[in-house]
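Hi everyone, thanks for making time today. I'd like to walk you through a few spots in one model, so please have a look at it with me.

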Amino acid sequence: MLNDIADDLSITANPYLKYVSTPYLERIGGSFTITNNGDLKMLIEPSLGLVGESLVISGNEDLAVASFPLLKFVTRGVRIGATPQAANSASGYGNPLLKYLNLPLLKRVDELSIVNNAALKSILLPSLKTAESVTINNNENLLLASIPKLPTVEKSVAVTNDLDDLKLLDMS
């Protein structure tokens, strides 16, 4: 019953991996990286509450669901997808089929970047209260982006490019 990883957890370049779930994992002391897993369809971490460094989900061609229902704190960055400049790097390039991203309790993050996830329809971060920068970019089918409790962004906010379908941006 794995419930704590002192350093990093990396799940990378597994072409036949379909599903990831560590149901009792509560804490990752370092970074949690899920990249370039060609057949991964679901990533569900029902007990994970803390990631000490960064959460990176990128380059997973078939990923449709990423769910972190109890995740409250990510010290550095949450990067869902990647910039075009990162396309040739180990971090991959976007999650083209990602439709459902669940981070309902996330309260604090330095960098929030949700980039190049073509199928993503909504971004709901109802508990986020602290962020240094927020980037939402190149999510072509995005209809709703809601971060209602974020009082201050210390550095920058960028919501740009290919957001023709965006109906509501709520950062009240």
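Which residue in strand 16 does Ile-123 stand opposite? That would be Ala-145. Before going on, a word on the ground rules: this is a predicted model, where local features need pLDDT of at least 70, side-chain atom pairs count only at pLDDT 80 or more, and totals for chains, interfaces and linings use all residues. Residues are numbered from 1 along each chain as its sequence is written, and side-chain values use heavy atoms, leaving out hydrogens and water.

Back to the sheet. Strands here are DSSP E runs of at least two residues, numbered from the N terminus. Three of them make an open sheet, in the order 14-16-18, with parallel pairing; two strands pair if DSSP finds at least two bridges between them. Strand 14 (122-124) and strand 18 (168-170) are the edges, each pairing on one side only. Strand 14 is joined to strand 16 (residues 144-146) by three bridges.

Next, Lys-149, which sits in the loop between strand 16 and strand 17 (153-160). Lys-149 counts as partly exposed because its relative accessibility is 48%; the class runs between buried, under 20%, and exposed, over 50%, using a 1.4 Å probe and protein chains only. Lys-107 is 42 residues away in sequence, yet the C-alpha to C-alpha distance is 9.2 Å.

Finally, Glu-45, in the loop between strand 6 (42-44) and strand 7 (50-51). Leaving aside neighbours within four places in sequence, Glu-45 has contacts (heavy atoms within 4.5 Å) that include Val-20, Phe-32 and Pro-69. Thanks, all!

Note on methods. Helices (H or I, at least four residues) and strands (E, at least two) are DSSP runs, numbered from the N terminus.
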